[in-house]
Amino acid sequence: MIKQLSYLAALAGFASMFSACDDFALDSVQPIDSVPLELAVTDANSAGAARAGIYDELQDATLTFDGYIASYTYFSDDCDWTGTFPTRAQFDSYNVLPSNATMGAVWADYYDVINTANNLISVLPGVEDPSLTDETRNNFLAEARFGRALAYFHLVTGWEGVPLVLTPTVAVGDELNVPASSADEVYAQIIEDAQFAADNLTDESLGMNRGGANALLARVAMMQSRFDDAKGFATAAIGDDYDLTDVPYLEDEIFYLKFISTDGTSIAFFFGTPDLGASRYSIAPSAKLVAAYEDGDLRKALSVDTLGGRNYGIKYNDFTAAAGSQTDPIYFFRAAEQVLILAEVAAREGDFDEAERWLNQVRQRAGLDDIDDLDDDNYLDAILKERYVELAMEGGFRLWDLRRTGRAEEVLGSEGYNPCDNVWPFPQDNIDTNTALVQNDCCNC
Amino acid sequence: MHRLLLLSWVLLMSCFAAVSAQQITGKITDKEGVPMIGASVFVIGTTTGTVADIDGNFTLNVPENAKKLAVSYTGFSTQNIPLIAGQTAYQITLANDGIGLDEVIVVGYSPVRRKDLVGAVASIASEDITRESGATVQSALRQAPGVVVQQSSGAPGSGFNVRVRGVTSVNADNEPLFVVDGVPVIAGSFAQQGVGGQSSNALADINPADIESMEILKDASTTAIYGSRAANGVVLITTKSGKAGKTKISLNSSYGFNEVINKVDVVDGTQYNQYLRERFGAGGDVIGGGGLDTTVSSNWQDLIFDRNPVQSHQLSMSGGDLKTKFYASLGYDNENGALNGTNFTRYSGRVNLDHRATDKLGVNFNLSYTNSDNKRIQGDNNIYGAVSAALLLPPQVPVRREDGSYGSVFGLENPVAATEVYDNHLVTNRIIGNISASYSLLDELSLKVKLGVDNLNLRENVFEPSSLQSTAQGLIFEASNLRTRIINEYLATYTDQFGSTSLSTTVGAIYQRDDIRRNSFETNDLPSDNFPSADAAATPAFTSGDKFGSTLNSYIFSANVNNGGLYVTASFRADGSSRFINNRWGYFPGIAAGYNFANLNPVGPFDLLKARVSYGQTGNNNIGDFEARPLFAGGASYLTTPGISQSQLGNPDLVWETTNQINVGLDMALAENRIGITLDFYQKNTSDLILNRPIPSSSGFGQVIANVGSMQNTGIEAAVTFETFNNADFSWTTQLSAAYNKNEVTELFNDQPQDFGFATRLAVGQPVGSFFGLETDGIYQNQAAIDADNSLSEDRDYIPGAAPGDFRFVDQDGNGIINDDDRTFIGQALPDVTAGIDNKLTYKGLELDFFLQFSLGNDVYNNNLAFAEGLNGVFAPTVRAFEGAWRQEGDGNMFPRIVGGASAENNRQDSDRLVEDGSFMRLKTINLAYSFEDGLIDRIGLQSLRLFVRGTNLVTVTDYSFFDPEVNSFGNSNVALGTDFLTLPISKSVVFGVNVGF
């Protein structure tokens, strides 16, 4: 009897060990891969990690393909849609609906970058850490603001005026109902952020640099037809006596977003043909683009290849790596773009010798003959064509060029481009949830 | 807690009295005088008892103060025999239990006779659990009225969706709580490698052959005692235990085949060639970059589906004496799916021990171990899937090219390669066990301590060789997932009789902790396919690892009061959950009352006429462990610099979802308990739905977790059991069951709809799983019809780019153009009515049973048609679409013209063209068995010998055009239901088996 009782006692005692100790307390389980907001950025080290987080948001899988590349290049004569996703087909056919999930995801992912940047911009001034010098602090801020400027630049070139959100999201009340600002207001913010970056980025950055910030300022100035400003920024981006001819094609990096296999992209997966192995062939250079390369253009062999009767893009050519592990960069800012900006500004100013000097740097590198007959009538055609092939498949350059020069309808009209296609619709989910947002004047709205 | 423990100690120290004995004898027979061999006889309130011998006779020493004997035998009503002073010989006749009203079932933390139940509880007996081939815990539940069970994929070992009385949640789990021998077990899908929509099934680790019975608690008076996890009902699983008497050894073996339930008619090589020429013009048949070979015509479905073997072998031993009872089993199951390459192999073992150390002290020990290996194949919405590619890959692709490599085109996987060389093993090692001791402190008061453990150790090993389309140089993925649950339970039960009123109450404290540790990595580029090892790979793709967990502290109280025909139960549970921040504690009451009008005497024809009503509140805390917390997460690295970013807005005020349920029921028994009728009406109102409420994505977040929204389920359930015949030679029992459930979303955040899956919309006023899209209005037969529509709006053409042969859509908003605003609700995935007809017949040694399953009113969103009948791409179309394609005026309204380009996207839009009636009637199971006569088997030294043949899913009657309407491409999704997209259908099977008793 005593023995049996002691058995029960032993079991009860054994069992009570589990409840008596703290293992069962309601606070006994905590995450190890996350921290509460208030503990996130507290010193120089964590501020550095938070700024890396901005690059990480820029690396988002949807942005790296659909955001920076596919949405714009489908939506122009740069690339064609060869895949199966109907939402991507809508870009190719200039028929983007408000419900388009790819468009909605791209939009949301730009704002992920912006919110991540806003968090650091908001919290960093209050971080007290002796090791955090003003220079370091300003560099982190500059990286955050450059990341934010990049995101807003892609938003404003897709949707024109968009909600301008400059503070981190901490609560979910009425403050989330933000109306769309005008395109000019968005550009003004981009300029302010990029200028801060151009003044404050240092070697401590993870890759963003003053050249890139100036290159963005130059690009924005071109979008706004501030040609004189563009010249100044482009010069600041590459230096006064830049010579492109010595630099191999695609190696004229000012600032690229880079990847490693454990944190890679799927861009080559989407560009490659299945005959290369495991590629999807969702996007292909358009026949018009392929035809635009002059005979002898060395860039063609570095941009387009043919297999099984099909053209495919090879600027992103890590085909052997698996989707998600490919390491091709995003060519955010190359010197060639700045050189062509300088050529265009010179031509617009009537200095065709200077324009030819810059333009021919690009052409010489491509193994092409010099152009020596630029004039008022032909300079824009020549420079836009050069930009078309030089910057093909690298981003929205072609669409931006056609829009800023007022040629989008003329060039793309036969493919289905209408005046209302100057903007994509705001995502329907934002119209539904943001009571201050009024749909823009898109074609399907 | 400490105080409670101390109290138990004090109570345990008290003593109990010893007793002296007298001897009695008796004979137990049925009403025809047949001796009840092995019937058990107990002195109530003691462990003293014995078992009747081969003539039904027993001898027993009973304590002097003993008052009653309990005599029981499976299938017969238990009788309590008063002991009369001086009488030493008893003649006892047991009555057949008919429809099982005297069965004792365990509800909550206390046992109750079915007759005394006042809640809504369905039971499934052992023999019904294993009556289908490849049975799982979940598959058996579809026999219970009000339970909808859907197998989302036909892959062996894959998951089920079980819905008890409808859907209550959007974001938290909708599965019932599964409790094995009193311990809530880990259930769900934990595979980290996606192979399309199919989920894995942690409950497949429980061997159905070990289950004695399952009780499905449906109303809130029975579920409230399970508190914050009970909103979706509770399934109580009781495993087998030994019975006093001769040791029984049984061997059950079966062997048979799985076969695909149906195939889809896809064009052959010649027709595909014609299709390409129609689609792409005269030279169209040369597309595909040389991947096509006009000389071949591969029938991919014939190449990947076969008649594949299934086998099951179960060995068990059980027995014991009046003090110690045991059940031990070993099981081996090996099921090959109809799809080549799919397999589920399970080794399982169990030991259940029950020992009464003294009259006061009992110890119970249950332990099971399972090792399973699930070989999975890619499927669903996935170009590398076997079924996906078998449907879409052109027939003009050879299985293998001349150089021996697998043929392929358009980046689609070769279906044969997908089944032959893709190598994915999900290996599980699982231990579920509990040990408990109970002590009768007084006759009225007993104490119980219980420790339960569930340890799930899951490993995934995936090797994709370079011969697959999905990888250029080979890929290795490995993952592990270790989940440990420990439960610690203390109960005190007090039972007493006050005059004609009996009372039973239980109080208890229960502590649970779950720990989960996961990691995974993928690495690429192997030297060759001969090195399927992570060591050999050159390029790591990703690594991940995390840890999470939860604790739950609970205190319970329940009381049952019974006076004459009146039954009242009340229960209460307080749950504290680590998943919430400001609202950790939840309180869940339940109450029920019932009155049996036929308590003393039959009322009219009724032997039982019991009206019941119950009400209760339950919760659902089944969300992620840390979802309420605002968090910054690591892992946001750039190149080799570690990074952090805001990962979750969180919501400190988040609280569990609450379901209030009212139930009104009526139980009737007629004709000497040979007809039983149970009717239930219920309404479940769920509020505080935990939703990811959409917020403007310009905030950096698309959604935030919040308690917004509510949902309602209203339903009726009916079950009628007839024991039409029951005599020595012939018996026939029929059970009819039917359930109607109406689900309606009654509130969402700002009543804004949310979209899921392909075309599923969650919206107020609609049931969960509603399909949303354009409504078609035939096909434009000529240009005049298009011109007429285009004149409706000055702004834009009605459908831009439309041509004769394209679908016309209905302009719901009447503005003269078709756009997103013209979408409307075009179907629902949930059935209106589910029903079953179950028949069991025996004639001498021959047995026949068959179960017909009905699902009525459910639609399937057949997204396959957008591809296989979209007639615009390079994928192989179905024969009916190719032949029926619109080619000229008058060609009908079913299939559009064959055309490509963006304008053809119109013909593939989300529309009612893709919605099909998914109602079906299925001959779910049929079993024919023969048991050899006792005399015959005695001579060969056996106790019993039974041969059977079993059919599963043999006949399905449906209008659905693809494989099978019981499907979901989104696996265990709560909202995106009833969608078919390249999903592996369920199998049909025939197996032959033998049951041998030694």
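The points below walk through some features of this predicted model, for you to follow in the structure above.

1. **Ground rules.** Because this is a predicted model, local features need pLDDT of at least 70 and side-chain atom pairs count only at pLDDT 80 or more, while totals for chains, interfaces and linings use all residues. Residues are numbered from 1 along each chain as its sequence is written, chains are lettered from A and ligands numbered from 1 in the order in which they are written, and side-chain values use heavy atoms, with hydrogens and water left out.

2. **Chain A overall.** Chain A has 18 helices and seven strands, where helices (H or I, at least four residues) and strands (E, at least two) are DSSP runs numbered from the N terminus. Its C-alpha atoms fill a box of roughly 110 × 55 × 45 Å along the principal axes. Of the 445 residues in chain A, 63% are buried. Here buried means under 20% relative accessible area, exposed means over 50%, and partly exposed is in between (1.4 Å probe, protein chains only).

3. **Helix α8 of chain A and what follows.** Helix α8 (residues 210-223) of chain A has 14 residues, and its end C-alpha atoms are 20 Å apart, in agreement with the 20 Å it should span at 1.5 Å a residue. That expected span is 1.5 Å times one less than the number of residues. Since 13 of its 14 residues are buried, α8(A) is largely enclosed by the rest of the structure. After the helix comes A:S225, with a positive phi near 55 degrees. A:S225 sits in the loop between α8 and α9 (227-238) of chain A and is partly exposed, with a relative accessible area of 41%.

4. B:D181 lies in the loop between β13 (177-180) and β14 (183-184) of chain B. At a relative accessible area of 12%, B:D181 is buried.

5. A patch of negative charge on the surface gathers A:D369, A:D370, A:D372, A:D373, A:D375, A:D376 and A:D377. Patch residues have over 30% relative accessible area and no salt bridge; like charges are joined within 9 Å, nonpolar side chains (Val, Leu, Ile, Met, Phe, Trp, Tyr) within 5 Å. Asp and Glu count as negative, Lys and Arg as positive, with His and the chain ends not counted; the place of a charge is NZ of Lys, CZ of Arg, CG of Asp or CD of Glu. A:D376 is found in the loop between α14 (352-365) and α15 (379-390) of chain A, and counts as exposed at 57% relative accessibility.

6. **Helix α15 of chain A.** The 12 residues of α15(A) reach 16 Å from first C-alpha to last, close to the 16 Å expected. With 10 of these 12 residues buried, α15(A) is largely enclosed by the rest of the structure. Among the buried ones are A:Y379, A:L384, A:E386 and A:E390. A:E386 and A:E390 also belong to a network of salt bridges, whose other members include A:K385, A:R363 and A:R365. A salt bridge is a side-chain nitrogen of Lys or Arg within 4 Å of a carboxyl oxygen of Asp or Glu.

7. **B:R131 and its partners.** The count over all chains comes to 69 salt bridges. In one of them, B:D838 and B:R131 meet at 2.8 Å, N to O. B:D838 lies in strand β44 (residues 833-843) of chain B and B:R131 in the loop between α2 (126-129) and α3 (137-140), so the pair ties together parts 707 residues apart in sequence. B:D849 forms a salt bridge with B:R131 as well, with the closest N and O atoms 3.1 Å apart. That pair links strand β45 (residues 846-856) of chain B to the loop of B:R131, 718 residues apart. B:R131 is buried at 3% relative accessibility, as is B:D849, at 13%.

8. **A nonpolar patch on chain B.** B:I591, B:V613, B:Y615, B:I662, B:V664, B:F681, B:I716 and B:Y740 form a nonpolar surface patch, with about 670 Å² of accessible area together. Accessible areas come from the Shrake-Rupley method with a 1.4 Å probe; for residues, only the protein chains shown count as cover. β29 (606-620) and β32 (657-670) of chain B each supply at least two of the patch residues. B:V664, in strand β32, counts as partly exposed at 42% relative accessibility.
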